[in-house]
Amino acid sequence: QVQLVESGGGLVQAGGSLRLSCAASGRTFSGYAMGWFRQDPGREREFVAVISRTGGTTDYADAVQGRFTISRDNAKNTLYLQMNMLKPEDTAVYYCAADRTSIEELVRTSPLRYDYWGQGTQVTVSS
């Protein structure tokens, strides 16, 4: 089992930047592909960005491509999401999640594939 704790959310003006962090503890962090997802009230949780166990493979939702960057530091057991050029429609609760997989470069975008979740961090972008 792995425990995940997000931080770094907050209130920012449109066009601004935030960096989210997700600290992992428990089982070996490098044994998990990782993802960021977000959810608005009344909407389904949606894929934002995912990264493979090694960090060598990433994938992004079209809505954030070119503005967000996912990365990980396996030595620090930490996942990051750098968010630039933020828009009001990026407002949501952001969750990190861990996908236990034996395939080093596998990334999956469905939240149903993820085994462990953090508690979420609120990101609010004002216009």
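How many disulfides does the count come to? The count comes to 1 disulfide in this predicted model.

**View 1. The disulfide joins C22 to C96.** The S to S distance is 2.0 Å. That falls within the 2.5 Å cut-off for a pair of cysteine sulfur atoms. The torsion about the S-S bond of C22 and C96 is about 50°, so this disulfide is right-handed.

**View 2. C22 and C96 sit in two strands.** C22 belongs to strand 3, residues 18–26. C96 belongs to strand 9, residues 92–100. The pair therefore ties together parts that are 74 residues apart in sequence. Are these cysteines, C22 and C96, buried or exposed? C22 is buried, and C96 is buried too.

**View 3. Y114 lies in the loop between strand 9 and strand 10.** Strand 10 spans 116–117. Y114 has a relative accessible area of 6%. The cut-off for buried is under 20%, so Y114 counts as buried. D90 is 24 residues from Y114 along the chain, and the C-alpha atoms of these two residues are separated by 22 Å.

**View 4. Y114 touches residues from several parts of the sequence.** Which residues does Y114 touch, not counting those up to four places away in sequence? They are A33, M34, G35, F37, V50, A97, A98, D99 and R108.

**View 5. The side chain of Y114 reaches the backbone oxygen of R108.** The distance is 2.5 Å. R108 is also one of the residues that Y114 touches.

How values were computed:
Residues numbered from 1 in each chain as written. Predicted model: local features only at pLDDT ≥ 70, side-chain atom pairs only at ≥ 80, totals over all residues. Heavy atoms only, no water. Helix = DSSP H or I, 4+ residues; strand = E, 2+ residues; numbered from the N terminus. Buried < 20%, exposed > 50% of the residue type's maximum accessible area, 1.4 Å probe, protein only. Contact = heavy atoms within 4.5 Å. Polar contact = N/O pair within 3.5 Å; in protein donor to acceptor, adjacent residues only side chain to side chain.
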